[in-house]
Amino acid sequence: MRFALSGEQEQFSRSLNDLLSGVDTDSANRAWAAGDPGPGLKIWRRLAELGVTALAVPEKYDGLGATPVDLAVGFERLGYHCAPGPWTDTVAVLPSLLDDELLTSVASGETLASVAYAPHVPYALDSDVADARLSVENGRLRAFTPGPLLSSVDSSRRLFPPVAGDDLGTALDAGRAFELGCLATAAQLLGAGRWLLDTSVAYAAQRKQYGREIGGYQAVKHLLADVATALTLAEPLLFGAAVTLDRRDVSAAKVACGDAAHLAARTGLQVHGAIGYTAEHALGLRLTRVRALVGAWGTPRFHRERVLS
């Protein structure tokens, strides 16, 4: 049996890629980390015009009612280009937590959301710029206010401890929301891994040592081939999980995409050498993003245990 994206899904991916290739997400990430969300919010609004923020919102709230496969397609491109902002919380998670007119403004791109989900998401992402702040615990929703900013391995992922507020009642479907959060994170890891591979291959083709391109050396070829293999094997797990949304499948995808992206990050740093350590190089943004996402929405140990159980 052959699994493939539809023509519409492939076109959606290309449209996202074209838009994000034409904006400076690296500068937007650095500004976001410094507390200036302006450039990142401009990218947010442009992606909203393509329908990204409306993907999982029901049609009755002016959304697209898209499938988890559509979400995986979109989040893979967001991960590839390292788009800043609480994309997982707003686009993938929030529409499964409540049935409310608020989703209309989510679909239009006007509302950003920050979601804490105990115990796996203890800190709220970008809640200083979020309009909707919700925490989930034992299937119930609470409003929260953000505590003081915490340090993060990825400074463009601004984390805040949630200070619990009013009880808002039972979540619409807390279980589905969690699986979609995991799936979206896995898709971003796959995209980030692909960027790291593409960038490392391009660098190896032009960087010379001892009179020849380093990509011509067998050892470098093997390193890059291992990354390509890991990413290729992770992709069907991701889209298989998007079809079933079964907890075991989602966890398997999260582990595989995380491992592949981590390998891509390690290899990318080896291939780039000292330049990869510089703050000015875009590689550093992806290295820290991968490191943060590997543990986001459930640690590797948690997801491996879910698969084994």
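Let's start with a pair of helices: helix 9 passes helix 11 in a left-handed crossing, where left-handed means the near helix is turned anticlockwise from the far one by less than a right angle, and right-handed means clockwise. This is a predicted model, so local features need pLDDT of at least 70 and side-chain atom pairs count only at pLDDT 80 or more, while totals for chains, interfaces and linings use all residues. Residues are numbered from 1 along each chain as its sequence is written, and side-chain values use heavy atoms, with hydrogens and water left out. Helices (H or I, at least four residues) and strands (E, at least two) are DSSP runs, numbered from the N terminus.

**Helix 9 and helix 11**

- The axes of helix 9 and helix 11 (residues 300–308) come within 8 Å and cross at roughly 140 degrees; axes here are lines fitted to C-alpha atoms, for helices over the stretch in contact, and angles run from 0 to 180 degrees between N-to-C directions.
- That angle makes helix 9 oblique to helix 11 (under 35 degrees counts as roughly parallel, over 145 as roughly antiparallel, 65 to 115 as roughly perpendicular, and the rest as oblique).
- On the helix 9 side, the contact (heavy atoms within 4.5 Å) is made by Arg247, Arg248, Val250, Ser251, Ala252, Lys254, Val255 and Asp259, and on the helix 11 side by Pro300, His303, Arg304, Arg306 and Val307.
- Sorted by class, this contact of helix 9 with helix 11 has 5 nonpolar, 2 polar and 6 charged residues (Ala, Val, Leu, Ile, Met, Phe, Trp, Tyr, Cys and Pro count as nonpolar, Asp, Glu, Lys and Arg as charged, and the others, Gly among them, as polar).

**Helix 9 and helix 10**

- Helix 9 (residues 247–272) also packs with helix 10 (residues 283–295), at an angle of about 155 degrees and with the axes 10 Å apart.
- That makes helix 9 roughly antiparallel to helix 10.
- Helix 9 passes helix 10 in a left-handed crossing.
- Residues of helix 9 in this contact include Lys254, Gly258, Ala261 and His262, and they meet a helix 10 set that includes Leu283, Leu287 and Val290.
- The class count for helix 9 with helix 10 is 8 nonpolar, 5 polar and 1 charged residues.

- Strand 3 (residues 132–137) and strand 4 (residues 140–146) run antiparallel and are joined by 4 bridges.
- Glu137 has Arg140 in strand 4 as its bridge partner.

- Helix 5 (residues 87–97) is mostly covered, with 11 of its 11 residues buried (buried means under 20% relative accessible area, exposed over 50%, and partly exposed in between, using a 1.4 Å probe and protein chains only).
- Leu94 sits in helix 5 and counts as buried, at 0% relative accessibility.
- Leaving aside residues up to four places away in sequence, Leu94 touches Asp89, Leu102, Leu103, Val106, Ala113 and Leu134.

**Leu149**

- Leu149 is in the loop between strand 4 and strand 5 (159–160).
- With a relative accessible area of 44%, Leu149 is partly exposed.
- Not counting residues up to four places away in sequence, Leu149 touches Arg158, Leu159 and Phe160.

Notes: Pairing = 2+ DSSP bridges.
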